[in-house]
Amino acid sequence: MLNTSVLLNTARPLSRFLQKAARTSSRVQVRGISAFPQLLHAKIVIVDGSEAFLMGSPFVNDYLDDSAHIPVDATRPTRELAGRPLHDVSVSLAGAAVAELQNVFAEMWDCSVARDGRADDQTLASPMAESTATTNRVQIVSTIPKRRSAKRREGATEILDCLVAAIRTAEDLIYIEHQYLSSRRIVAELAAALERSRRLQIVMVLNQNPDITAYQRWQNARLSESGLLDHPRTGVFSLWSSARGADHRVSLNQIFVHSKVVTIDDRVAIVGSANLDGVSLDSYGDDFTGRVARRLFRDIRNFDVAAIIRDSRESLSRGSVADLRTRLWAEHLGMSTDNSQRIRWNDSLAAWQELASSNVAALREAPNRGANSPMMKGHVLPYSTEATPLRQLQDLGISADTRGVKLEFNPGWLDVRFSPNWIRNMFL
């Protein structure tokens, strides 16, 4: 099932291709949700009803990368993300969670329209009459627009509800890595959580240059207005990739964060397709400041899906949530998983800040020491609210010039303010 609204309309050509490959139209049916401006943002793969994948990235070449995130890769397309490396997270599911995900898929399927000549009234049967969310460690939750689902005419904001409930239980550590953070509700809940628990620390990994222009302005405003950007128990970081070239210069590139991960005290993780923005959680209008735009886009929300993973307190040190977080930290901090597991909760923020500071120092030294200059460890640098990668580095005291550091991604004025790549990809 693909989005076949005004944007990214690929259902018809894909249907033709698959029917030709299968040699019979009875084996293939492709539908799409035509609900513009509300989009199908969920990414789901279900195999034989026994295994499922909740994907982070769509199946497009621009989102192809591996955990090395090398700064320059000739096989990486430059169309959408300007050749930036990509970091993303998906989850594999088995057991009762697969049936729950099939329920969501069936609901979205029944919201869709056929694109291959079949009758529009064909529906899919849900494999489960009742949700088993209260008894299983993994719960599937969704965001559904109003007046689109016959089963839920008021739609659903389950992802937002579960995020808020989980944040309100936080005592020691909230870890966030997300493509966007523009939701006023989530930012307010994070600030309130810091007030409730005086030992709580928050570590966030965010894009400094999102693929949509407005999000940079919204995100920076939320971080600044809420006090999260400068709070002593909150750290905001970005991901960068570095490598030394044959000419001894350090090649440096932003890593585009596409993952949608929140973990709470290693007890709860929320992973899926929903960004921390209004359109993935509740209402796109909430992201705007102007009264007209807030009203115009009120109740506009996408179709999204997430998995809520819960571990008991008795299994925190070896549970799935802790494993997910420490594997991500190992990659970002450039250390083994065993070492990342040894970082205690009360030392989490200090560990990130120390590494980010040492990486800043290494990049400051690069122009002066040439081939002997130190390299970044891992991918972490402090977050900057400056508009361009060049100015973000300068904000940290890092000089990107021809002598020592070569900046691979440095969008100009038009790219930063109007996102022409994103607009082109949506319509062309």
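A: Contact means heavy atoms within 4.5 Å. Of the contacts in the protein chain with a separation of 6 or more, 72% are between residues 24 or more positions apart. The model is predicted: local features need pLDDT of at least 70 and side-chain atom pairs count only at pLDDT 80 or more, while totals for chains, interfaces and linings use all residues. Residues are numbered from 1 along each chain as its sequence is written, and side-chain values use heavy atoms, with hydrogens and water left out.

Q: How many helices and strands are there in the protein chain, and what makes a run count as one?
A: The protein chain has 13 helices and 19 strands. Both are DSSP runs numbered from the N terminus: a helix is H or I over at least four residues, and a strand is E over at least two.

Q: Why are helix 3 and helix 4 called roughly parallel?
A: The axes of helix 3 (residues 158–167) and helix 4 (residues 184–196) cross at roughly 15° and come within 9 Å. Angles under 35 degrees count as roughly parallel (over 145 roughly antiparallel, 65 to 115 roughly perpendicular, the rest oblique). Helix 3 and helix 4 are therefore roughly parallel to each other.

Q: Which residues make the contact between helix 3 and helix 4, and what kinds of residue are they?
A: Helix 3 contributes Leu160, Leu163, Val164 and Ile167, and helix 4 contributes Arg185, Ile186, Glu189, Leu190, Ala193 and Arg196. Seven of the contact residues are nonpolar, none is polar and three are charged. Here Ala, Val, Leu, Ile, Met, Phe, Trp, Tyr, Cys and Pro count as nonpolar, Asp, Glu, Lys and Arg as charged, and the others, Gly among them, as polar.

Q: Why is Ala165 called partly exposed?
A: Buried means under 20% relative accessible area, exposed over 50%, and partly exposed in between (1.4 Å probe, protein chains only). Ala165 is in helix 3. Ala165 has a relative accessible area of 44%, so this residue is partly exposed. Ala165 and Glu189 are 24 residues apart in sequence, and their C-alpha atoms are 9.5 Å apart in space.

Q: What share of the protein chain is buried?
A: Buried residues make up 53% of its 428 residues.

Q: What makes Thr234 buried, and which residues outside its sequence neighbourhood does it contact?
A: Thr234 is in strand 12 (residues 234–244). Its relative accessibility is 4%, so Thr234 counts as buried. Leaving aside neighbours within four places in sequence, Thr234 is in contact with Leu194, Ile202, Met204, Leu228 and Leu349.

Q: Why is Leu407 called buried and Ala400 partly exposed?
A: Leu407 has a relative accessible area of 18% and is therefore buried. Ala400 has 23% relative accessibility and therefore counts as partly exposed. Leu407 is in strand 19, and Ala400 is in the loop between helix 11 (389–395) and strand 19 (405–407).

Q: Is His69 buried or exposed, and what is its phi?
A: The relative accessibility of His69 is 3%, so His69 counts as buried. Its phi is positive, about 50°, although His69 is not a glycine. His69 lies in the loop between strand 4 (51–54) and strand 5 (86–87).

Q: Is Arg147 buried or exposed, and what is its phi?
A: Arg147 has 56% relative accessibility and therefore counts as exposed. Its phi is near 60°, a positive value in a residue other than glycine. Arg147 is in the loop between strand 8 (138–144) and strand 9 (156–157).

Q: How many disulfides does a search of the whole structure find?
A: The search finds zero, a disulfide being a pair of cysteine sulfur atoms within 2.5 Å. Cys111 is buried at a relative accessible area of 17%, and Cys162 counts as buried at 17% relative accessibility.

Methods. Axes fitted to C-alpha atoms, helices over the stretch in contact; angles between N-to-C directions.
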